[in-house]
Amino acid sequence: MEQRKIRWGLLGAGEILNRWMNGAQQVEDMEIVAVASRSIERARKMAQKFHIPETVGYEELLARKDIDVVYIPVAHTAHKELAVRAMESGKGVLVEKPAAINAGEFQEMIDCARRNHTFLMEAVWTKFFPIIQEIENRIGEKGIGQVRVVQSNFAFRNEVDPASRLFDPKRAGGGLLDVGVYNLHFSRMILKKDPLYLIGKASMDTDEHHLQIDEQAAYIAQYDGGELAVMGSGIRTGMLDTAWIYGTEGYITVPHFWKPTRMLVTVGNETMSIERKVAQRIAGVEDEGYQYEIAHVNQCIREGVVESPVLTWKDTMAILKQCDSLRADWGIVYPQERESL
């Protein structure tokens, strides 16, 4: 007897959905049942573009019994509320990164997942690319030796737009939560532990725009074996999105480390290139790699687990605590956090 497909609902119609859906279309073990948004017009456009059967409001989508799991692609500040509502409706949740704006919010989400026995995972797609396993295989005796330094930057140059969430403290704008979390997740993924110390500096209010968010930032983590992670992020400065993993015997270069398909392994005078291109099943639809995390969620839903064994709640909580620590040093408090004090 053929298994039915995993049924998804889209709880939001943010811009990233345009990219995520290119991955969803590559996965045979799923169907998109409906899309919801605060703006029905935006949801209709997404439904028309991607041939999604129904456009509904949030309440209607959450009330449906024919949805196993929802994807939440909305502004950071709405993640917790929508995730909790979905899990209380008995639905699994894949929520865009960052899973919440702080560790306290994410703890509420974990508690809700446990209480309702529903799946919950942050959409850190990087972890599921096939090249990640290749990287891990070349750390240690058979490759670059013991890791001593991880270096990465993820930042882009955006002109100031007061209407954009990137520049709005009320929507948890700034570089750290938008792209900096990739640096932190990548370092934890490679070193497999949390730092003893994490320090950094953020540039804020640097010009006539008086932006009260981290325009750009640099931060360093130190670990119990003396290892270092050196990182940079920002929304006002473009930086090369390459990661370097330096070991005792050589180093690994990972271009576009947040969506990696290629790596260069250098040991001594020899450099080896390894590539794992993203599979494309549908002509004219190019997926950057979202299919991997989607397929993993489908597997978790089928197995009835509430927590991914690959991207655990502990992983997400660790990164949010690191973000909280950095923001505390920088004096960045989002308005809704002040209200809850």
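The model is a predicted one. Its largest pocket has a volume of about 1000 Å³, and the second largest pocket holds about 280 Å³ of space. The largest nonpolar core has 75 residues, with another core of 31 residues lying apart from it.

**Largest pocket**

- The largest pocket, with its volume of about 1000 Å³, is lined by 34 residues, and those closest to its centre are G14, E15, V74, A75 and R165.
- The elements that contribute two or more residues to this lining are α2 (40-50), α4 (79-88), β7 (147-157) and α7 (175-191), and α4 gives the most, with four residues.
- By class, the lining of the largest pocket is made up of 16 nonpolar, seven polar and 11 charged residues.

**Second largest pocket**

- About 280 Å³ of space lies in the second largest pocket, whose lining has 14 residues, with K127, M189, K192, V310 and D315 nearest its centre.
- Two or more residues of that lining come from each of α6 (130-137), α7 and α9 (313-330).
- Seven charged, five nonpolar and two polar residues make up the lining of the second largest pocket.

**Cavity**

- The count comes to one cavity of 30 Å³ or more, and the space in the largest cavity is about 40 Å³.
- The residues that line the largest cavity are V124, T126, K127, Y182, H185, F186 and M189, a set that divides into four nonpolar, two polar and one charged.
- K127 and M189 are among the residues lining this cavity, and K127 and M189 are also among those nearest the centre of the second largest pocket.

- In soluble globular proteins, nonpolar side chains tend to be buried together.
- Within the largest core, of 75 residues, the residues with the most contacts are W8, L10, L17, W20, M21, F186 and I245, and the largest share of this core, 10 residues, comes from α7.
- If neighbours within four places in sequence are left aside, L10 is in contact with L17, W20, M21, I32, A34, V35, A36, I52, L61 and Y71.
- The other core, which lies apart from the largest one, has 31 residues, including Y58, V84, V93 and A113.

**Helix α4**

- The buried residues of α4 are H79, L82, A83, V84, A86 and M87, and they pack against β1 (6-11), α3 (58-63), β4 (69-72), β5 (92-96), α5 (103-116) and β6 (120-123).
- G90, which comes just after α4, takes a positive phi of about 85°.

**Helix α8**

- Helix α8, residues 290-303, has 14 residues and reaches 21 Å from its first C-alpha to its last, which is close to the 20 Å expected at 1.5 Å a residue.
- The residues of α8 that are buried are Y290, Q291, Y292, E293, I294, H296, V297, N298 and C300.
- Just after α8, G304 has a positive phi of about 75°.

**Residue A163**

- A163 is found in the loop between β7 and α7, and it counts as exposed because its relative accessible area is 56%, where exposed means over 50%.
- The C-alpha atoms of A163 and V305 are separated by 39 Å, and the two residues are 142 residues apart along the chain.

Methods
Residues are numbered from 1 along each chain as its sequence is written. This is a predicted model: local features need pLDDT of at least 70, side-chain atom pairs count only at pLDDT 80 or more; totals for chains, interfaces and linings use all residues. Side-chain values use heavy atoms; hydrogens and water are left out. On a 1 Å grid over the protein atoms alone, a cavity is a set of points where a 1.4 Å probe fits but cannot get out, and a pocket is an open set with protein on both sides within 12 Å along at least five of seven lines; lining residues have an atom within 4 Å of a point. Grid points are joined across faces, edges and corners, and a volume is the space filled by probe spheres set on the points. Ala, Val, Leu, Ile, Met, Phe, Trp, Tyr, Cys and Pro count as nonpolar, Asp, Glu, Lys and Arg as charged, and the others, Gly among them, as polar. The expected span of a helix is 1.5 Å times one less than its number of residues. Buried means under 20% relative accessible area, exposed over 50%, partly exposed in between (1.4 Å probe, protein chains only). A nonpolar core is a set of buried Ala, Val, Leu, Ile, Met, Phe, Trp, Tyr and Cys residues joined through side-chain atoms within 4.5 Å. Contact means heavy atoms within 4.5 Å.
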